Amino acid sequence: MTTRLGVKTILTFGAGWIANSAYQVIHSKQSQTSGSIVIDGRIVKNRPALPIFGVVSAATPYDTNTGSDVATRVSQIMQHGFPSLDNIRSFDDYVLSYDRRNKVANWVFEHLTPDGVKHNEAVDRSKCDFKEDLSIHPYFRSTNEDYKYSGYDRGHLAAAGNHKAHQKHCEQTFLLSNMAPQVGRGFNRDSWNRLERHVRKLTKTYQNVYVCTGPMYLAQKESDGKSYVKYEVIGKNMVSVPTHFFKVVVAEDSNRNFIMESYVMPNAVISDDTPLTNFMVKPETIEKLSGLLFFDRVARDKLKSINGKKA
């Protein structure tokens with residue numbers, strides 16, 4: 001019996017073969033670095049390989065024009081595109097996509113302004129409590145008990161310090177759907193906090209700062225030469241502990257020009273004297289590894305710089 005393959009089938013097969021061959025070459029080159037990675041011409045030790053890929057267009061967001069104040073705020077926050085459309089949750093001052101399997105958000109999106117981050121006597125963080133997100137089914141929800149005695153902090157993705165306009169805004173950042181298990185000393189309370197403060201400081205120069213933050217579960221090459229994705233889970237609900245976290249930032253000036261900064265930081269103790277620029281990674285890299293797409297509605301000719309370099 002003779003099987004005839006159409007042109008489309010042959011081209012698809014050929015493209016797959018070429019892509020696989022290219023992967024073998026890349027994989028071979030990566031294996032020579034044995035756990036090191038070159039990012040923007042620099043060798044960074046003890047990090048999983050982060051391949052560089054081209055930009056593709058992000059998902060089109062759903063229509064939030066319902067007439068409510070929350071819908072209007074969601075439209076403001078997400079006007080430059082949704083990274084994905086999985087299990088979207090909108091709050092008064094941030095939006096998240098929830099990963100029900102890992103019990104951690106896929107991403108959290110914020111829109112920072114000078115007024116929203118300035119000190120407000122009416123907002124008291126000490127009155128905020130970590131609470132379960134009751135909008136999530138109990139099967140997929142993390143609890144305070146999961147974190148108890150785990151050795152990890154309940155680390156904010158949308159930082160409480162970014163939401164000072166109203167007490168309720170700050171309180172909503174303490175929902176556990178906005179948390180991820182983070183190493184405490186040396187990371188959540190230190191270097192990760194430095195990055196959060198850096199992002200807030202951008203509002204002194206830019207009138208609008210858009211921030212997307214989320215977890216990553218990256219592969220690490222082991223002694224057998226193979227790469228594995230391994231991460232801990234905590235509590236009876238088996239909340240996943242990310243190996244890394246990303247933060248992608250777009251800041252807009254009064255002339256509607258934009259800059260972009262993108263970071264990947266390991267969920268580990270980081271020395272306080274390590275510059276934040278050491279963790280800058282091309283946004284395309286984060287897109288490929290996270291399965292998310294960032295700021296596709298920002299025209300590339302409007303980007304003045306990416307990670308401090310002319311776009």
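Predicted model: local features only at pLDDT ≥ 70, side-chain atom pairs only at ≥ 80, totals over all residues.
Residues are numbered from 1 along each chain as its sequence is written, and side-chain values use heavy atoms, with hydrogens and water left out.

Me: Is H156 buried or exposed?
Reply: H156 lies in strand β6, residues 153–156, where strands (E, at least two residues) and helices (H or I, at least four) are DSSP runs numbered from the N terminus. Buried means under 20% relative accessible area, exposed over 50%, and partly exposed in between, with a 1.4 Å probe and protein chains only. Because its relative accessibility is 6%, H156 counts as buried.

Me: Which residue's backbone oxygen does the side chain of H156 reach?
Reply: Leaving aside neighbours within four places in sequence, H156 is in contact (heavy atoms within 4.5 Å) with residues including R125, F130, T173, W192 and E196. At 3.4 Å, the backbone oxygen reached by the side chain of H156 is that of T173.

Me: Which strands stand at the edges of the open sheet of eight strands?
Reply: The order is β3-β4-β5-β8-β13-β14-β15-β16, with mixed pairing, where two strands pair if DSSP finds at least two bridges between them. Each edge strand has a single partner strand, so one side of each is left without a neighbour in the sheet; these strands are β3 (88–90) and β16 (309–310).

Me: At what angle does helix α7 run to β13?
Reply: Helix α7, residues 191–201, lies across β5, β8, β13 and β14. Axes are lines fitted to C-alpha atoms, for helices over the stretch in contact, and angles run from 0 to 180 degrees between N-to-C directions. The angle to β13 is about 10°.

Me: How many residues apart in sequence are the parts that the pair of F82 and W107 ties together?
Reply: Rings of Phe, Tyr and Trp (its six-membered ring) pair if their centres lie within 6.5 Å, and planes under 30 degrees apart count as stacked, over 60 as edge-to-face and the rest as tilted. F82 and W107 form an edge-to-face pair, at 6.3 Å centre to centre with 80° between the planes. Because F82 lies in the loop between α2 and β3 and W107 in strand β5, the pair ties together parts whose separation in sequence is 25 residues.

Definitions and conventions:
Polar contact = N/O pair within 3.5 Å; in protein donor to acceptor, adjacent residues only side chain to side chain.
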